[in-house]
Amino acid sequence: LKTLADVAAAVGGRLDGPPERTVRRVAPVEDAGPDDLVFVKDERWLARLASSGAGAVLCREGDDVGGRPAIRVANPRLAAAQAAALLVPPPPWEPLQHPTALVERGAAVPASCALGPYAVVGRDAVLGERVRVGAHAVVGAGCRVGDDSQLDPHVVLYPGVVVGARCALHAGAVIGAPGFGYEMGPDGPVGVPQTGTVILGDDVRIGANTTVDRAAFRATRLGDGVKIDNLVQVAHNVTVEAGVIICALAGIGGGATLGPRSVVGPQGALAPDASLGGGTILGARAALASGQHLDAPGRVFMSVGPVPFEDWKRWVVFRRRFARGRGPRGAPPA
Amino acid sequence: LKTLADVAAAVGGRLDGPPERTVRRVAPVEDAGPDDLVFVKDERWLARLASSGAGAVLCREGDDVGGRPAIRVANPRLAAAQAAALLVPPPPWEPLQHPTALVERGAAVPASCALGPYAVVGRDAVLGERVRVGAHAVVGAGCRVGDDSQLDPHVVLYPGVVVGARCALHAGAVIGAPGFGYEMGPDGPVGVPQTGTVILGDDVRIGANTTVDRAAFRATRLGDGVKIDNLVQVAHNVTVEAGVIICALAGIGGGATLGPRSVVGPQGALAPDASLGGGTILGARAALASGQHLDAPGRVFMSVGPVPFEDWKRWVVFRRRFARGRGPRGAPPA
Amino acid sequence: LKTLADVAAAVGGRLDGPPERTVRRVAPVEDAGPDDLVFVKDERWLARLASSGAGAVLCREGDDVGGRPAIRVANPRLAAAQAAALLVPPPPWEPLQHPTALVERGAAVPASCALGPYAVVGRDAVLGERVRVGAHAVVGAGCRVGDDSQLDPHVVLYPGVVVGARCALHAGAVIGAPGFGYEMGPDGPVGVPQTGTVILGDDVRIGANTTVDRAAFRATRLGDGVKIDNLVQVAHNVTVEAGVIICALAGIGGGATLGPRSVVGPQGALAPDASLGGGTILGARAALASGQHLDAPGRVFMSVGPVPFEDWKRWVVFRRRFARGRGPRGAPPA
């Protein structure tokens, strides 16, 4: 339980209600009771608030919340995230090292660490204090993992990977597999050896089954506070600067660069050697072409959406005409 | 072996041939012998049938199959699936619990279950009858798994996840990793705690390396009979109603809803809070934008296809002109 | 260390410098020292070469490299890959079989093989000479793996899968999960049994967390020298001919065919039963529709790129007008 005064201070908001009133958690508008804090992000949510049992609300200046205790902020969604971080304690854990966990020769595992069943810590790997390695996770030879980082079950770190402090790697993430470097030769693809590594900063989050490849030379680098969703591919020699968000199923091609606090939406992409400027936002499915540079802080770039089947067939016909050099007749279908 | 009469009854078709003739399996037209049942879905397949050795055929009313024994149905593909389910017995297995499988304190594992090598069943987890847990699979603390469900090798259930009866989770699937909830703050992304869970109904199928995230609040829910392909992302707070099909590499954004028996094609997507109506079909690569609602039972929606490189370059030029405010000159390239 | 004469011979280039000069590795232009060989692929790289400390350079005929020792070739990138393969020895390994590795009844594991901690080799599986099975990898019952192949940690081969010689399967790859074959029936999806297998040729490379499904009948086949990146889906009954390259997050639908040395770019796709001709290149995100055949050796096909948010909104409006039958007014937004 925290007082509204504490919450208002944590989120940098203006309190419009009793400072000693307490809340227990952030809840959805529909589920909320008197101990709950909710947030309203737009007019639609504001309308639903009327029938909510919420004890207090995070809202914008000027929102009419019917006299309910309120903390007024510029961005209620952001404030809800900040409030939740204050209200929800991290789940408890104990520094147990399961008897089936293997620690190979030369590896350093402080007594404050937890190792799950069948976890493997390879030769000469170095874990910081309070590191948690989940069931079946594999820390490759020579890896370093910073204090308070968490490797969920089935995470794989290839040899030599460096993970910062307070990172969270979710199940099935694979860090440091060899980059995909092939040139098509006369007898088929010829591979380039991938002799670099991967370096993750502090407070990095890697989603389930996401892959981050080792560099051909030097390192694939993810800066402090980078947050990556599930099933994302980060190729070799990519540089992701601090505070970047990458959503599910996005692909970041070899050598691409993401500036600080840029965002790549779900199924988005940077082709090889593309660069996205700091604070620039690629919406869902948007992509940069190979070598393309896009630097437009705060602007959002989109891809086009779905098309009814009948229109799609007309597109195909339109294109065929075009491809035959007959030129377009009439505008293309939407 | 089943008689054609049995097969016709199982698929709800009209038998046009000897009822006591037997078939052993459903086979492709090219491979079929006298014990095999084949299906023809269109005229092209019908033409290939002439040279097939198939003993019997699933086809439409009116198809000319040259006097071959036939079971006539509205949808031969569906009938082939129904016939195959009748003809192919599930693979045999034994209720062995490997000595290296770990069952933690308080977990309930009936003697009818099979546990593979190095499988881990966490504290207080409850398995139903005849559950199979593959090699290295991890059932988190407090999970519940219904009767006759199958977790293939390397499946991970995070703590508290609920799986119904007769489910099949394929290798590397991760159920219940924390949802990806971040708001961009002035100092970088701020995370929202993900305190909900995941609930799968009965007869759910989850593909290899697919991820289904736990909800921020309450539960991410997949209804009875939902079938999901490989490498699909289902985000937090998604609701997938009964009988939905989701194909490979599709992404379902946070809070999205899929109505009963809707379909999402390969690489398709619902952006956050989108909803797809019951029976509506998103074809390959089609996507709904954030908050978009599409409810058109039986209709198919498509995305656009590939473009020759030369046309693509003209697109880029066309767009640049447009972006500079000079307006389009001539129609855009197809 | 190799002499420039040796390197020139290996890459089929013309040496323009002292044949006895030696190099140790291929390095990026910016990092290179006197023992390093670099490559320049275009004019921009050529400009950066001036300030490089590189001892020798791979370049095209006619490139002005300021008198530096040079090996002149048609394709410097390809030559760099060939040179690197010559200069970088494969990492050393020892044929150790960890005491926790399980070899089930009837399996054949030569003494020249390495088995990592908690690796599992199933019943009657047959490993060739010098096969390496990583930590927690699972080789299903009856699988065969050819000489000198490498299964990284957490790879899963379902029962009966065949892997050729000198293959590299990276962490989390899943080979042989059942194909996704469903038909929508009146009561929901009906599954088709998947009784085939997967057969990989020699020198195949499978990326981390990539999935290759078993066929409904017969086999999903990947030919010799096929190279697949991370997080790729290869569905049932696909045929991938020799020397094909498939980039990250691409999806190959059921029954599709890829001709020899064709390329599928990142997030590209072949819908079911599509076919891509030998040597044809689908660029990033390009896709073939269901049943589409594209056979254009050496040509590159692209998808369209990202659109500014404002233009995207105009697209949506344009389409709505179009959908209402009012026809386009003015050209659509770029």
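Analyst: Axes are lines fitted to C-alpha atoms, for helices over the stretch in contact, and angles run from 0 to 180 degrees between N-to-C directions. The model is predicted: local features need pLDDT of at least 70, side-chain atom pairs count only at pLDDT 80 or more, and totals for chains, interfaces and linings use all residues. Residues are numbered from 1 along each chain as its sequence is written, chains are lettered from A and ligands numbered from 1 in the order in which they are written, and side-chain values use heavy atoms, leaving out hydrogens and water.

User: At what angle do the axes of α1 and α3 of chain C cross?

Analyst: Helix α1(C) (residues 4-11) and helix α3(C) (residues 76-87) cross at roughly 125°, their axes coming within 9 Å. That makes α1(C) oblique to α3(C) (under 35 degrees is roughly parallel, over 145 roughly antiparallel, 65 to 115 roughly perpendicular, the rest oblique).

User: How do you know what span helix α3 of chain A should have?

Analyst: At 1.5 Å a residue, its 12 residues (76-87) should span 16 Å, and the end C-alpha atoms are 16 Å apart, so the two agree. The expected span is 1.5 Å times one less than the number of residues.

User: Which residues in α3(A) are buried?

Analyst: Among them are Pro76(A), Leu78(A) and Leu87(A); buried means under 20% relative accessible area with a 1.4 Å probe, protein chains only.

User: What makes β8 and β36 of chain A edge strands?

Analyst: In chain A, 10 strands form an open sheet with parallel pairing, running from β8 to β36. Strands β8 (102-103) and β36 (287-288) each pair on one side only.

User: How many bridges join β30 and β33 of chain A?

Analyst: Strands β30(A) (251-252) and β33(A) (269-270) pair over 2 bridges, and pairing needs at least two. In β33(A), Ala269(A) is the bridge partner of Gly251(A).

Notes. Helix = DSSP H or I, 4+ residues; strand = E, 2+ residues; numbered from the N terminus. Buried < 20%, exposed > 50% of the residue type's maximum accessible area, 1.4 Å probe, protein only.
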